[in-house]
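The structure under review is shown first.

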Amino acid sequence: MSDRILYTGLNYEEVKRFCGGRILAPYHCMGFTMLSLLTEDGFVTVNEGDWIEIQEDGSFRVL
């Protein structure tokens, strides 16, 4: 089983806590808010409406 959180564009602090601070501050592009999540593969973009999932091995996945 895994844990996950939905990025709504308004819950940056909650997402930051969930990811253990591995998130860069949100930035705005074309009317949307995005984040950058540091994963084992480097930075991954998280868009509004994306789920961030923590796998059983502790790695992150954006859905």
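This is a predicted model: local features need pLDDT of at least 70, side-chain atom pairs count only at pLDDT 80 or more; totals for chains, interfaces and linings use all residues.

Basis of the entries. I number residues from 1 along each chain as its sequence is written, and side-chain values rest on heavy atoms, with hydrogens and water left out.

Entry 2, aromatic pairs. I searched the whole structure and found 0 aromatic pairs. Rings of Phe, Tyr and Trp (its six-membered ring) would pair with centres within 6.5 Å, as stacked with planes under 30 degrees apart, edge-to-face over 60, and tilted for the rest.

How many salt bridges does a search of the whole structure find? I recorded 2, taking a side-chain nitrogen of Lys or Arg within 4 Å of a carboxyl oxygen of Asp or Glu as the criterion.

One joins Arg-22 to Glu-40, with the closest N and O atoms 4.0 Å apart. Arg-22 is in the loop between α1 (12-18) and β2 (23-29), and Glu-40 is in the loop between β3 and β4 (42-47), so this pair ties together parts 18 residues apart in sequence. Helices (H or I, at least four residues) and strands (E, at least two) are DSSP runs numbered from the N terminus. Arg-22 counts as partly exposed at 28% relative accessibility, whereas Glu-40 counts as exposed at 52%. I used under 20% relative accessible area for buried, over 50% for exposed, and partly exposed in between (1.4 Å probe, protein chains only).

Glu-53 forms a salt bridge with Arg-61, the closest N and O atoms being 3.6 Å apart. Here Glu-53 is buried at 9% and Arg-61 is partly exposed at 43%.

Is Thr-39 buried or exposed? I found Thr-39 in strand β3, and at 8% relative accessibility it counts as buried. Beyond its neighbours within four places in sequence, Thr-39 is in contact (heavy atoms within 4.5 Å) with Arg-22, Val-44 and Phe-60. I also placed Leu-38 in β3 (residues 32-39); Leu-38 is partly exposed at 34%.
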